[in-house]
Amino acid sequence: MNFRRGRASDVPEINLIPLIDVLLVIIIFLMLTTTYAKFSGLEINLPTADASKQTETPNEINVGLTAAGQVLVNKVPLATVSVQAISEALRRAAGDTKEPVIVINADAKANYQSVVDIMQAAQTAGYPRISFATQSPH
């Protein structure tokens with residue numbers, strides 16, 4: 001007995017519409033639950049400590065920070081250590097130099113806020129290229 005004699009056989013299909021619906025719901029769920037963090041920071045080039053000493057370039061401004069909190073711009077001490085005073089000293093030290101590199105030489109025991117103030121002063125002065133000086137571990 002062949003009951004299927006006159007009928008054409010149906011080709012099995014995979015219905016993709018429910019799959020697409022589920023994927024869209026998952027994507028929407030992920031988009032709504034993901035937190036996007038925006039970091040307002042400064043661009044900093046951190047040197048490696050074991051690198052060989054590079055030759056000094058004329059467009060560097062050396063900013064020293066002692067453990068006591070004294071700030072020196074190109075070995076000249078500043079009277080006040082406010083962000084505005086450091087920014088003005090950086091502009092004077094840069095002169096006509098385009099895009100100088102600010103090299104921060106901070107004492108290991110210096111206050112972290114003082115380092116951040118120097119970085120903020122460089123950003124205020126319009127100098128985004130900042131580097132930190134390190135010593136080799138001999």
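Throughout this passage, a residue is called buried when its relative accessible area is under 20%, exposed when it is over 50%, and partly exposed in between, with a 1.4 Å probe and protein chains only. The structure is a predicted model, in which local features need pLDDT of at least 70 and side-chain atom pairs count only at pLDDT 80 or more, whereas totals for chains, interfaces and linings use all residues. Residues are numbered from 1 along each chain as its sequence is written, and side-chain values use heavy atoms, with hydrogens and water left out.

The chain contains three helices and six strands, which are DSSP runs numbered from the N terminus (helices: H or I, at least four residues; strands: E, at least two). Along the sequence these elements are arranged in the pattern α-β-β-β-β-α-β-α-β. Of the 138 residues of the chain, 22% count as buried. The accessible surface amounts to about 11,200 Å², and carbon and sulfur atoms account for 58% of this area; accessible areas come from the Shrake-Rupley method with a 1.4 Å probe, and for residues only the protein chains shown count as cover. Where contact is defined as heavy atoms within 4.5 Å, 71% of the contacts between residues at least 6 apart in sequence join residues that are at least 24 apart.

Helix α3 comprises residues 112-125, and the 14 residues reach 20 Å from the first C-alpha to the last, close to the 20 Å expected at 1.5 Å a residue; the expected span is 1.5 Å times one less than the number of residues in the helix. At the start of α3, a side-chain oxygen of N111 comes to within 3.2 Å of the backbone nitrogen of Q113. Such a polar contact is a pair of N or O atoms within 3.5 Å, for which, within protein, one atom must be able to donate a hydrogen and the other to accept it, and residues adjacent in sequence count only if both atoms are side-chain atoms. After the helix comes G126, with a positive phi near 90°.

The buried residues of α3 are S114, V115, D117, I118, M119, A121, A122 and A125. A121 has a relative accessible area of 0% and, when its neighbours within four places in sequence are left aside, is in contact with V83, I86, S87 and L90. The C-alpha atoms of A121 and S82, which are 39 residues apart along the chain, are separated by 8.6 Å. Q123, also located in helix α3, is partly exposed at 47% relative accessibility, and its C-alpha atom is separated by 8.3 Å from that of S87, 36 residues away along the chain.

In helix α2 (residues 83-94), E88 and R91 are three residues apart and are therefore separated by about one helical turn. The side chains of E88 and R91 meet in a salt bridge, with an N to O distance of 3.0 Å; a salt bridge is here a side-chain nitrogen of Lys or Arg within 4 Å of a carboxyl oxygen of Asp or Glu. A search of the whole structure finds one salt bridge. Both partners count as partly exposed, E88 at 33% relative accessibility and R91 with a relative accessible area of 34%.

A nonpolar patch on the surface is formed by I14, L16, L19, I20, V22, L23, L24, I26, I27, F29, L30 and M31, which together have about 1,200 Å² of accessible area. Patches are made of residues with over 30% relative accessible area and no salt bridge, with like charges joined within 9 Å and nonpolar side chains (Val, Leu, Ile, Met, Phe, Trp, Tyr) within 5 Å. I26 has its place in helix α1 (residues 17-33) and is partly exposed, with a relative accessible area of 41%.

Most residues other than glycine have a negative phi. E99, in the loop between α2 and β5 (101-106), has a positive phi of about 50° although it is not a glycine, and counts as exposed at 53% relative accessibility.
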